[in-house]
Amino acid sequence: MISSCSPLTSLLEAFMTQSASSVPLSPQAQQVITWATIGFTLMFAVWVMFAIVGLPIRKQLGLSDGQFALLTAIPVLTGSLLRLPAGIWADRYGGKKVFLVNLVITAVFALLLAFANGYQTLLTLALGVGLAGVSFAVGNAWIAQWVPASRQGLALGTFGAGNAGASITKLLAPALVTAVPAGLLIPGGWHFVPFVFGLLLLVCAGLTWKLTPDDEPRTATATRTLADWLSPLKYLQVWRFGLYYVVFFGAYVALSLFLPKFYVDHYDLPLAKAGLMTALFIFPASLLRPLGGYLSDRFSPRSVTVTAFITMVLALLPMTREVSASTLMLLSLVLGVGMGVGKASTYTLVAQWFPGQMGVVGGLVGLLGGLGGFVLPLVFAASKASLGAQAAFMVLLGLTLISGLVFVVSMLKIKASGRVAEFA
């Protein structure tokens, strides 16, 4: 499985060998970045696995579109709502401790899911599997505890490339569904997917515990009250960052869940091919996060974010009309470029505006973005009757235009006020 992350390995190596003019990374920081990224990659694969395993479940249980949308979105809800407290816990108790607990608990729920049947049981366990999404807030805080501020844009972007775990699900899960027949000693059919993922998470937890440094004492944070932790949330800017992240990340999660079903239902493609075509959207939306972080460190995160919004709008405009499957795939690839770069530039802004508070602020921004990933698939399903087959892309175009406008207006106001001009 780790070999499936070879693009991430290349990105990590490039990060570690950045120019000598940069602040050098300690061996401990390199270990944290490496294993946080590997762990997050696996966790993200688990977080969105219902986009694939949900299709045979839909057939087996005769689910409606609404029931299917709810099943795929439920894990996103858990992984979003708990990002804020998880980020605070990571800041307070140490990123490694919380990351390991997160890996183990998610593995347990994945293994339970492998033996589950019945829609209500699946919904309940999907809530637990959704804890995989919490790993983003925890990993961000963990990395920020070890990486110098001047390197955090690229470091967090490299970690965020773990979103490519969604492509592992899209490419690997269809084969796992058919690899083991039902009725053997181990769970077969779609049950084999969470079984394999659960075991991999336990292996990853063991290696992370063994190969990463212990958390440094958190004495500076031990006496902080809950009000102290939550004080950054009074700033409107934090909530605006959350809006931008709904577009760059929430929409990414929503499309990762939506596109396989859309290719199967709308274009009558087999599941394996639908998964492959969705993976071509996921790759740039995930693996370009380090590039977005590098550009944000090198230039202005403001200009990088504006470029990301423009790229998304240009891709979404033709997607609101009927196009061929191959054209949609190419447009989704361009859309993924904008999302991948925009996710990184948004978190670079968070790190620059709120240094030392990545757990709480990054947790809230991730929470809002993740909630977008929960709500949007439900909106797609609800709006299909009135807007037609391209409803999802129409909704995303409107959301992107509104968010981009808010960003530009905010940027201009901040610049006119004489405050930090390069931030938005």
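A residue counts as buried when its relative accessible area is under 20%. In this predicted model, helix H2 (residues 27-47) has 16 of its 21 residues buried, so H2 is largely enclosed by the rest of the structure. From its first C-alpha to its last, H2 reaches 30 Å, close to the 30 Å expected at 1.5 Å a residue.

**The chain as a whole**

The chain contains 20 helices and 0 strands. Of its 424 residues, 59% are buried. Among contacts with a separation of 6 or more, 82% are between residues 24 or more positions apart. The chain exposes about 15,700 Å², and 69% of that comes from carbon and sulfur atoms.

**Buried parts**

Helix H8 (residues 135-144) is mostly covered, with 9 of its 10 residues buried. The buried residues of H8 include Phe-136, Val-138, Trp-142 and Ile-143.

The largest nonpolar core has 136 residues, and within this core Tyr-252 and Leu-255 touch the most other members. Helix H14 (residues 236-267) supplies the largest share of the core, 19 residues. Setting aside neighbours within four places in sequence, Leu-255 is in contact with Pro-260, Phe-281, Leu-335, Met-339, Phe-380, Phe-393 and Leu-396.

Two further buried residues lie in other helices. Pro-301 belongs to helix H17 (residues 301-319). Its relative accessibility is 2%, so Pro-301 counts as buried. Pro-301 and Leu-349 are 48 residues apart in sequence, while their C-alpha atoms are 6.5 Å apart in space. Ser-383 is part of helix H19 (residues 358-387) and is buried, with a relative accessible area of 10%. Not counting residues up to four places away in sequence, Ser-383 touches Gly-388, Ala-391 and Val-395.

**A nonpolar patch on the surface**

Val-104, Val-108, Leu-112, Leu-199 and Leu-202 form a nonpolar patch on the surface, with about 380 Å² of accessible area together. Helix H6 (95-113) and helix H11 (192-211) are the elements that give two or more residues to the patch. H6 gives the most, with 3 residues. Leu-199 sits in H11; its relative accessible area is 39%, so Leu-199 is partly exposed.

**Salt bridges**

A search of the whole structure finds 4 salt bridges.

| Residue with N | Residue with O | N to O distance |
|---|---|---|
| Arg-58 | Asp-265 | 3.3 Å |
| Lys-96 | Asp-214 | 3.6 Å |
| Lys-261 | Asp-265 | 3.0 Å |

The salt bridge between Asp-265 and Arg-58 links distant parts of the chain: Asp-265 is in H14 and Arg-58 is in helix H3 (residues 50-61), 207 residues apart. Asp-265 is partly exposed, with a relative accessible area of 39%, whereas Arg-58 counts as buried at 18% relative accessibility.

Lys-96 and Asp-214 also form a salt bridge. This pair too links distant parts of the chain, with Lys-96 in H6 and Asp-214 in the loop between H11 and helix H12 (219-222), 118 residues apart. Lys-96 is buried at 4% relative accessibility, but Asp-214 is exposed, with a relative accessible area of 60%.

Lys-261 and Asp-265 both lie in H14, 4 residues apart, which is about one turn of the helix. An α-helix has 3.6 residues a turn, so residues three or four places apart point the same way. Lys-261 is buried, with a relative accessible area of 14%. Arg-58, Lys-261 and Asp-265 are linked in a network of salt bridges.

How values were computed: Residues numbered from 1 in each chain as written. Predicted model: local features only at pLDDT ≥ 70, side-chain atom pairs only at ≥ 80, totals over all residues. Heavy atoms only, no water. Buried < 20%, exposed > 50% of the residue type's maximum accessible area, 1.4 Å probe, protein only. Contact = heavy atoms within 4.5 Å. Areas by Shrake-Rupley, 256 points an atom, 1.4 Å probe, with all protein chains shown as cover. Patch = residues over 30% accessible without salt bridge, like charges linked within 9 Å, V, L, I, M, F, W, Y side chains within 5 Å. Salt bridge = Lys/Arg side-chain N within 4 Å of Asp/Glu carboxyl O. Expected span 1.5 Å × (residues − 1). Core = buried A, V, L, I, M, F, W, Y, C linked by side-chain atoms within 4.5 Å.
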